[in-house]
Amino acid sequence: MSQAVNPEVQDKLARMGCAPLVDAMRRVHSHRAHMLALTSPTPDRPLFGPAATIAFMPYRDDLPESKTDFASHFYRAVGKRPAGRVLVLSSGGHPQASHGGGTKLSRLANHGMSGVLTDGRLRDFDQLRESGIAAWCSGEATRWGGDTIMPYAADITVEVGGVCVTPGDFIYADASGAVVIPADSLSRVLDEAAAIDAEDARFTQTIRDEKLPS
């Protein structure tokens, strides 16, 4: 089920950036939660919201899933309350293939979603830029990828960029990378990240006051 995204939290995260959240996750959880920097048509547009997931697999023409279109998986993934959510697409072992483009992903803007995160490629950066959503991926594609990968299952746990993502996890991405925060841990992680920011500010002041050795 989708959770409401507080605009004040979004603003706070945008000012804070990804790194303190990754450090905070390390204090709260022992599992890997970060992804290295991705590519975006709008790198100054951070992405935040609860995840709606679609798993891609290598294309096979003998499976019933090959006959199910992207739209069916999309609406199964986002449910009845898509607003504010982040569509998370696993690459299915083909990070160089296109997993969607401006036309297919226009559904996100239509339903007020925050954006899309994938460890695969996306097409039509110009369209995505104009759509108003945030989009983070492994790079821009020019070739259609439907004969390489296919959407296989929706609203399930997926692997993206070496990280386990469960529907409802909170996603934050910016130009420095991405982090996946379990929904039940969001408040604690935000508090820890704020504390880390404050610690860094104190350390910066201490370093500024350092004197050259006599």
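Two strands pair if DSSP finds at least two bridges between them. Keep that in mind, as strands come up first. Helices and strands here are DSSP runs, numbered from the N terminus, with at least four residues (H or I) for a helix and at least two (E) for a strand.

A word on the source. This is a predicted model, where local features need pLDDT of at least 70 and side-chain atom pairs count only at pLDDT 80 or more, while totals for chains, interfaces and linings use all residues. Residues are numbered from 1 along each chain as its sequence is written, and side-chain values use heavy atoms, with hydrogens and water left out.

Now the strands. Start with β2, residues 47-58. It pairs with β11 in the antiparallel sense, over 4 bridges. In that pairing F48 stands opposite Y172 of β11.

Move on to β11 itself, residues 170-174. Its next partner is β12, again antiparallel, over 5 bridges. The two strands form a hairpin, with 2 residues between them. Y172 stands opposite V179 in β12. D174 stands opposite G177 in β12.

Then β12, residues 177-181. Strand β1, residues 34-35, pairs with β12 too, in the antiparallel sense over 2 bridges. Here H34 stands opposite V179.

How many residues of β12 are buried? The count is 5 of 5, and the strand is mostly covered. Buried means under 20% relative accessible area, exposed means over 50%, and partly exposed lies in between, using a 1.4 Å probe and protein chains only. In a regular strand the side chains alternate between the two faces of the sheet. On β12, G177, V179 and I181 sit on one side, and A178 and V180 on the other. Both faces are covered, and all of these residues are buried.

Of its 5 residues, 5 are buried, so β11 is largely enclosed by the rest of the structure. F170, Y172 and D174 point one way. I171 and A173 point the other way.

Next, the helices. Take α2, residues 18-28, and α6, residues 186-208. They pack at an angle of about 120°, with their axes 8 Å apart. Axes are lines fitted to C-alpha atoms, for helices over the stretch in contact, and angles run from 0 to 180 degrees between N-to-C directions. The pair α2 and α6 is therefore oblique. On the cut-offs: under 35 degrees is roughly parallel, over 145 roughly antiparallel, 65 to 115 roughly perpendicular, and the rest oblique.

The crossing of α2 and α6 is right-handed. A crossing is right-handed if the near helix is turned clockwise from the far one by less than a right angle, and left-handed if anticlockwise. Who makes the contact? From α2 the residues are P20, L21, D23, A24, M25, R27 and V28. From α6 they are R188, V189, L190, E192, A193, I196, D197 and E199. Contact means heavy atoms within 4.5 Å. By class, that is 9 nonpolar, no polar and 6 charged residues. Ala, Val, Leu, Ile, Met, Phe, Trp, Tyr, Cys and Pro count as nonpolar, Asp, Glu, Lys and Arg as charged, and the others, Gly among them, as polar.

Helix α1, residues 7-16, also packs on α6. The angle is about 40° and the axes are 11 Å apart. This pair is therefore oblique. Its crossing is left-handed. V9, K12, L13 and M16 of α1 meet L190, A193, A194 and D197 of α6. Those residues divide into 6 nonpolar, no polar and 2 charged.

Stay with L13 in α1. Is L13 buried or exposed? At 1% relative accessibility, L13 counts as buried. Leaving aside neighbours within four places in sequence, L13 is in contact with L21, F48, Y172 and L190.

Now a loop residue. L105 lies between β3 (86-89) and α4 (106-110). L105 is buried, with a relative accessible area of 1%. Not counting residues up to four places away in sequence, L105 touches F70, L87, G100, V116, L122, L128 and I133.

Last, two aspartates. D124 has a positive phi of about 60° although it is not a glycine. D124 lies in the loop between β5 (122-123) and α5 (125-131). It is partly exposed, at 27%. D155 has a positive phi near 60°. D155 lies in the loop between β8 (149-154) and β9 (158-160). At 42% relative accessibility, D155 counts as partly exposed.
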